[in-house]
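Visitor: I'm new to this one. Could you put it up and walk me through it?

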Amino acid sequence: MKASGRGGEGLESWEEHVSRSWRLDPPLLVIVGPTAVGKTSLSLHLAEAFGGEVISADSRSFYWGMDIGTAKPTPEERARVPHHLVDIADPDETVGLAEFQDLAYAAIDDGRARGKLPLLV
């Protein structure tokens with residue numbers, strides 16, 4: 001079914017639009033919520049099912065040694081699917097928003113280039 005408009009000709013259907021959009025700009029799955037609601041477990045299941053990679057958006061997970069008091073994925077969880085932006089800085093370093101964005105965009109683009117579904121968690 002074509003979208004209506006001036007004559008309805010030449011307009012693509014919603015399905016065609018989504019299909020074309022995904023080819024041009026592959027999806028990014030974002031999982032958000034408070035600590036301890038199951039975001040990591042869900043991200044692992046989805047990444048395994050759809051060939052994805054996890055990109056951590058947790059500001060405490062960036063830092064080495066900050067495992068207590070955070071919900072950082074365990075080494076076993078990180079071994080199941082590739083994880084990005086985990087343990088990337090010493091605790092005395094600052095990872096600012098601009099740096100995080102650069103790193104996250106690079107991880108997203110890299111995964112997409114390899115046909116992976118990026119999951120920002």
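Guide: We'll go through the layout, the sheet, a few residues and the pocket.

Visitor: Fine. What kind of model is this?

Guide: A predicted model, in which local features need pLDDT of at least 70 and side-chain atom pairs count only at pLDDT 80 or more, while totals for chains, interfaces and linings use all residues. Residues are numbered from 1 along each chain as its sequence is written, and side-chain values use heavy atoms, with hydrogens and water left out.

Visitor: How many helices and strands does the chain have?

Guide: Four helices and four strands. Helices (H or I, at least four residues) and strands (E, at least two) are DSSP runs, numbered from the N terminus.

Visitor: In what order do the elements run?

Guide: From the N terminus on, they go α-β-α-β-α-β-α-β.

Visitor: And how much of the chain is buried?

Guide: Of its 121 residues, 29% count as buried. Buried means under 20% relative accessible area, exposed means over 50%, and partly exposed lies in between (1.4 Å probe, protein chains only).

Visitor: How many bridges join E2 and E4?

Guide: Four, in the parallel sense. Glutamate 53 has proline 118 in E4 as its bridge partner. Isoleucine 55 stands opposite leucine 120 in E4.

Visitor: Which way do the side chains of E4 point?

Guide: Both ways. In strand E4 (residues 117-120), Leu117 and Leu119 point one way and Pro118 and Leu120 the other, and all are buried.

Visitor: New topic. Where is serine 61?

Guide: In the loop between strand E2 (52-55) and helix H3 (75-80). Serine 61 is buried, because its relative accessible area is 1%.

Visitor: What does serine 61 touch?

Guide: Leaving out residues up to four places away in sequence, serine 61 touches Ser56, Lys72, Pro73, Leu85, Val86 and Asp87.

Visitor: Asp87, then. What is its phi?

Guide: Near 60°, a positive value in a residue other than glycine. Most residues other than glycine have a negative phi. Aspartate 87 is found in the loop between E3 and helix H4 (97-113). Aspartate 87 counts as buried because its relative accessibility is 12%.

Visitor: And alanine 36, buried or exposed?

Guide: Exposed, because its relative accessible area is 73%. Alanine 36 is in the loop between E1 and H2. The phi of alanine 36 is near 70°, again a positive value in a residue other than glycine.

Visitor: Last stop, the largest pocket. How much space lies in it?

Guide: About 340 Å³. On a 1 Å grid over the protein atoms alone, a pocket is an open set of points where a 1.4 Å probe fits, with protein on both sides within 12 Å along at least five of seven lines. Grid points are joined across faces, edges and corners, and the volume is the space filled by probe spheres set on the points.

Visitor: Which residues lie nearest its centre?

Guide: Lys39, Thr40, Asp58, Ala71 and Val121, out of 23 lining residues. Lining residues have an atom within 4 Å of a point. Helix H2 (residues 39-50) gives the most to the lining, with three residues.

Key:
Contact means heavy atoms within 4.5 Å. Two strands pair if DSSP finds at least two bridges between them.
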